[in-house]
Each structure stands twice: as structure tokens, then as C-alpha cells.
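This briefing goes through selected features of one protein model, grouped by topic. Please keep the sequence and the coordinates at hand while reading.

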Amino acid sequence: MIKTGKISAISGPVVRAVMDSSARMFEVALVGDSELLGEVIRIDGKFAFIQVYENTNGIQIGEKVQFTGKLLSVELGPGMLGQVLDGIGRPLGKLSKDDFFIKRGVRTRTLQDDIKWHFVPLKRSGDIIFPGTIFGYVEEGSYFRHSISLPPYIKESTISWIAEEGDYLVDHILCSLEDGSDLSMVQNWEVRTPRPVARRFPLNEPLVTGQRILDTLFPLALGGAAVLPGGFGTGKTVTQQSLAKWCNADVIVYIGCGERGNEMTEVLEEFPELFDQLHNAPLMERMVLIANTSNMPVAAREASIYLGMTIAEYFRDMGLHVAMMADSTSRWAEALREIGGRLEEMPGEEGYPAYLGTRLAQYYERSGKVKALGEPDRQGSITIINAVSPPGGDFSEPVTQTSLRLSGTFWGLDKGLAQQRHFPAINWNSSYSLYSSSLAGYFCERLGSNWEEIIHSLKKTLEREKSLKDLVQLVGRDGLSEEDKWTLDFSELVRVIYLQQ
């Protein structure tokens with residue numbers, strides 16, 4: 001039963017409503033006569049504070065609010081790959097089909113309900129099925145096999161009937177269980193709730209990024225987390241786009257979280273034209289793009305992060321390696337700061353809410369390399385690569401420092417290198433990877449037992465170059481020994497020929 005209330009105050013994207021009956025935290029609400037989508041973010045007695053994901057201009061005090069009793073969730077199933085979604089999971093292609101601008105209050109399905117998919121069953125009547133068990137698949141694109149599984153929220157049961165191989169819509173019942181459950185290709189999942197896993201594994205395999213400086217000096221493990229901070233113009237977006245194009249992940253989830261519109265436009269225009277050499281198919285066949293539309297307030301930035309993570313977990317549970325990229329978490333944190341200010345919460349450092357670290361930790365904890373639930377046995381991973389945009393390139397600000405504590409790899413972008421047109425502008429003297437020791441066995445087995453020794457020597461040489469350059473400023477190059485001159489020449493060769501790409 002839908003509960004109701006009335007708007008009693010409006011402050012930007014935050015609306016206060018008087019409730020006729022109780023609501024719960026993060027419950028979805030439909031605000032005003034336009035039924036704008038919102039989410040309860042605070043409850044104070046009979047008042048519910050609702051974060052609205054669309055522009056609240058024109059909404060008036062006294063208009064009705066409907067509390068749906070459900071939490072913010074997303075549809076998961078075939079047809080997501082290649083889609084461009086907004087911050088709350090609506091396909092932008094559908095929303096902009098009839099008008100150049102997206103109208104307020106428009107709600108549409110994430111999945112396409114008019115396309116038939118060729119379903120191939122993998123189980124038979126009488127088989128016992130467990131949560132997470134794959135009972136069939138559909139072919140998506142030119143090569144991708146999309147697994148159809150028992151959702152984690154349905155208990156173990158026996159299959160009483162399963163559909164024959166054939167073409168079906170996403171909502172068609174494909175399997176019936178003895179407990180009365182009917183299964184289709186669609187799963188609904190609350191975006192703030194992590195999907196369960198059977199167990200977690202050590203991070204001992206690398207995500208091959210295709211960037212030599214990263215793979216050689218500062219490797220990132222499959223299932224790990226990397227933070228990519230840098231000031232304006234240092235190449236955060238370009239670096240993330242390069243990783244999306246060339247890394248060895250099976251699926252890419254790319255989130256444009258509040259960055260400038262021209263950067264997201266470049267992604268939307270360029271990526272559909274790119275070709276994936278690994279699978280000999282268009283790159284978009286393994287990507288999901290999430291973009292916050294220009295007419296949505298900053299509140300939608302927060303939802304987009306959880307939406308992207310839920311989609312990544314869905315593909316991870318198929319036994320796939322997913323790379324999730326957010327550009328940038330600074331804009332997400334700024335949304336938290338704005339909402340906290342409108343709720344009159346006690347601010348923490350630099351005005352950010354005191355729970356900033358907790359929210360970031362909950363997000364980072366959803367990465368990892370895992371064994372999925374159900375049968376057959378399969379391993380999947382989510383690797384997080386987050387850009388951070390510290391004001392003025394100041395890495396001591398709260399978002400950067402909190403991200404550093406939660407991630408295992410730091411790829412620090414350097415403005416000086418960017419001005420010299422040295423890209424990727426990763427500063428090899430300040431960057432680091434905590435995964436180097438756990439990945440050493442992998443590299444030594446495939447690239448030689450002296451791999452660690454070579455990398456250690458290379459880092460020492462690059463560190464030595466910095467001190468020698470300072471010395472040259474004092475005594476000139478002629479004042480150096482022949483060995484030091486050789487070190488400078490060798491370091492320049494490494495930088496220009498190997499690290500620059």
C-alpha cells in the first residue's frame with residue numbers, strides 16, 4: 001500500500017514532507033503532481049526529508065508526496081551492454097526520442113521490453129537450483145554470453161518447469177519453481193545493497209591496463225582499487241578513457257559523475273566508434289555508460305555511483321572481470337556536501353559531511369575478486385578506478401586523502417608533466433602500488449625470475465635522475481661524472497621511449 005504525505009518545505013533538491021504514516025530510510029518517493037523521483041534521506045518525527053533527483057522548480061508547498069515502500073533499485077538483464085543510462089538508470093536513448101530535452105517526471109524501464117532474445121536452457125525439470133545458479137543464457141551482441149541465473153533473494157528450490165530453447169521477451173517466464181516462484185530474464189536489485197558472494201579470494205592477478213608505466217611500475221590487481229587524482233588539465237579523463245579502451249576486463253562500467261559536459265560528450269561520441277581488438281567487435285558491446293544529464297541536480301551524482309556498482313556486481317556474478325571507472329568521486333562528494341548543508345548537518349573537514357569516509361568505504365568494499373553464488377563454480381571481480389579532482393591539485397584535501405586510505409594503488413598525476421606533453425602524466429616519484437608484492441609471483445612466472453630486481457633497479461634510476469637534475473642546476477652537466485651523465489641519458493630514454501605513451 002502506497003503511503004502519502006504533503007510537501008511542507010522546499011530547499012533546492014531537498015523537499016520536506018509531512019507524513020501521514022511512517023516511512024523508512026532510502027525509501028523511494030514520488031514528489032509533487034509531476035511525481036518526481038526522490039529518496040528519503042532523513043526522518044525527523046513526522047517529517048521526511050526527500051532527496052529529489054530532478055529539478056524541483058515549480059513544485060509547491062502542499063502538493064502530494066507518495067511513499068512507494070520500495071528502495072531505489074535497478075532492472076538487471078539482457079540489453080544493458082551498449083546502453084547509455086542517466087544517474088538513476090533511465091536509458092537516455094528512450095528519454096530523448098521524442099524531444100531534445102528530457103521532460104521532468106518521465107520514468108521508463110532500464111531494459112528493452114520489445115526485443116526478443118534467444119534463450120538456451122542449461123537445466124531440466126526436477127533439477128535442484130540454488131541462489132545464483134545459472135539455468136540458461138542468451139547471446140548478446142556478436143560474442144557475449146549473458147547468463148540467466150536464480151536471483152540471490154530467492155531460496156533453494158526444485159525446477160518444476162523450464163522453457164525450451166527459443167526467442168523470448170525479457171519478461172517472459174522461463175522457469176517455474178516448486179515453491180511457486182516464476183523466473184524471467186529480469187532481476188531487480190536495490191542499488192545500495194551489495195550483492196552476496198560465496199567467498200573472497202586474494203588479489204594475485206593484475207588488471208592489464210595497456211599503459212606501460214602503470215603495468216610496469218604501479219600495477220593494479222584484478223579486484224583492487226586505484227585512485228587517480230590530479231588538477232585541471234592533467235589527464236584524468238583521458239587516462240580513464242584509455243584504460244576503458246585497452247584494459248583486459250570483460251566488461252567496462254564507465255560513470256560520468258558530474259564532470260564537465262564536453263568531457264562526457266566526447267565519451268558518448270567517441271566510444272561508439274571504437275573497435276575492440278580483443279574480441280574483434282565494437283567496444284560498446286562490453287560497456288555500460290552512465291551519464292548525469294544536464295537538467296538533473298547534483299543529487300543524482302550520488303545515485304549514479306551506486307547504480308554503476310550494482311551493474312558491475314551483476315556482471316561479476318556471471319564470472320566476469322569488471323572494470324568500473326568513476327569520473328570523478330570529488331563531484332560525488334560535493335553532492336554529499338550540498339545535501340548535508342541543506343539538511344543543516346554539522347560539517348566535517350572543509351565542509352564535507354562527517355560520514356564522508358564511511359560512505360566511501362562502503363563503496364570501495366564492494367570491489368574484490370570473488371567466487372559467485374550457485375553453480376557452476378566461477379570467479380569474477382570488480383576493479384575500481386576512481387578519478388579525484390582536488391581543487392588546485394591539492395592532494396591533502398579530504399576526498400583525496402580518504403580515497404588513498406581505502407585504495408591500494410595511487411596514480412598521482414603531475415601538472416608539470418602534463419605541461420611538457422608527457423602523457424600519461426603519472427608522477428613516478430610520488431605514485432605507488434600496494435599490490436606489487438602480491439603480484440610479484442604472477443610477473444616472475446611469466447616474465448622471468450629477475451622481474452622484481454629489474455623493476456627495483458628502474459625505480460632507483462628514476463629516483464636518481466631527480467636528484468641529478470637538481471645537481472645540474474647548480475654545477476652544470478659538465479660537472480657530473482660520466483656515470484651520472486649516463487644515468488641521465490638512460491633515464492631520458494626510459495621516460496621518452498617507454499613511459500611516455
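Patches are made of residues with over 30% relative accessible area and no salt bridge, and nonpolar side chains are joined into one within 5 Å. Leu471, Leu474 and Val475 form such a nonpolar patch on the surface, with about 300 Å² of accessible area together. The model is a predicted one.

- Valine 475, one of the patch residues, lies in helix α11 and is partly exposed at 48% relative accessibility.
- Leucine 480 sits in the loop between α11 and α12, and with a relative accessibility of 7% it counts as buried.
- The contacts of leucine 480, leaving aside residues up to four places away in sequence, are Leu468, Leu471, Val472, Lys485 and Leu488.
- From leucine 480 to leucine 468 the C-alpha distance is 8.4 Å, for a separation of 12 residues in sequence.
- Helix α12 (residues 482–499) has 18 residues, which should span 26 Å at 1.5 Å a residue; its end C-alpha atoms are 24 Å apart, in agreement with that value.
- Buried residues in α12 are Asp484, Lys485, Thr487, Leu488, Ser491, Val494, Arg495 and Leu499.
- The buried residues of α12 pack against α2 (212–217) and α11 (451–475).

**Helix α6**

- Helix α6 covers residues 329–342, 14 residues in number, and its first and last C-alpha atoms are 20 Å apart, close to the 20 Å expected at 1.5 Å a residue.
- The buried residues in α6 are Thr329, Ser330, Arg331, Trp332, Ala333, Ala335, Leu336, Ile339 and Gly340.
- Glutamate 334 and arginine 331 are three residues apart in α6, so about one helical turn separates them.
- Glutamate 334 is partly exposed, at 22% relative accessibility, whereas arginine 331 is among the buried residues of the helix.
- After α6 comes glutamate 344, which has a positive phi near 60°.

**Salt bridges**

- Side chains of opposite charge can pair when their charged atoms come close.
- The structure holds 28 salt bridges.
- One of them joins arginine 192 and glutamate 39, with an N to O distance of 2.9 Å.
- This pair links distant parts of the chain, 153 residues apart: arginine 192 is in the loop between β17 (187–190) and β18 (199–200), and glutamate 39 is in strand β4 (residues 36–44).
- Arginine 192 is partly exposed at 22% relative accessibility, while glutamate 39 is buried at 0%.
- Glu39 and Arg192 also belong to a network of salt bridges that includes Glu302 and Arg359.
- Glutamate 205 and lysine 369 form another salt bridge, their closest N and O atoms being 2.7 Å apart.
- Here too the pair links distant parts of the chain, 164 residues apart, with glutamate 205 in the loop between β18 and β19 (206–207) and lysine 369 in strand β27 (residues 368–371).
- Glutamate 205 counts as partly exposed at 28% relative accessibility; lysine 369 is buried at 5%.

**Backbone geometry**

- Most residues other than glycine have a negative phi, and most peptide bonds are trans.
- The peptide bond from aspartate 327 to serine 328 is cis, with omega near 0°, and serine 328 lies in the loop between β26 (321–327) and α6.
- Phenylalanine 423 and proline 424 are also joined by a cis peptide bond, with omega about -5°.
- Proline 424 is in the loop between α9 (415–419) and β30 (432–433).
- Arginine 421 is in the loop between α9 and β30 as well; its phi is positive, near 60°, and it is exposed at 58% relative accessibility.
- Glutamate 350, which is not a glycine, has a positive phi of about 55°.
- Glutamate 350 lies in the loop between α6 and α7 (356–364) and is partly exposed, at 46% relative accessibility.

**Cysteines**

- With a disulfide taken as a pair of cysteine sulfur atoms within 2.5 Å, the count is zero.
- Cysteine 247 is in no disulfide, and its nearest cysteine sulfur, that of cysteine 257, is 20 Å away.
- Cysteine 247 is buried, with a relative accessible area of 2%.
- Cysteine 257 is buried as well, at 0% relative accessibility.

Notes: Residues are numbered from 1 along each chain as its sequence is written. This is a predicted model: local features need pLDDT of at least 70, side-chain atom pairs count only at pLDDT 80 or more; totals for chains, interfaces and linings use all residues. Side-chain values use heavy atoms; hydrogens and water are left out. Buried means under 20% relative accessible area, exposed over 50%, partly exposed in between (1.4 Å probe, protein chains only). Helices (H or I, at least four residues) and strands (E, at least two) are DSSP runs, numbered from the N terminus. The expected span of a helix is 1.5 Å times one less than its number of residues. Contact means heavy atoms within 4.5 Å. Patches are made of residues with over 30% relative accessible area and no salt bridge: like charges are joined within 9 Å, nonpolar side chains (Val, Leu, Ile, Met, Phe, Trp, Tyr) within 5 Å. Accessible areas come from the Shrake-Rupley method with a 1.4 Å probe; for residues, only the protein chains shown count as cover. A salt bridge is a side-chain nitrogen of Lys or Arg within 4 Å of a carboxyl oxygen of Asp or Glu.
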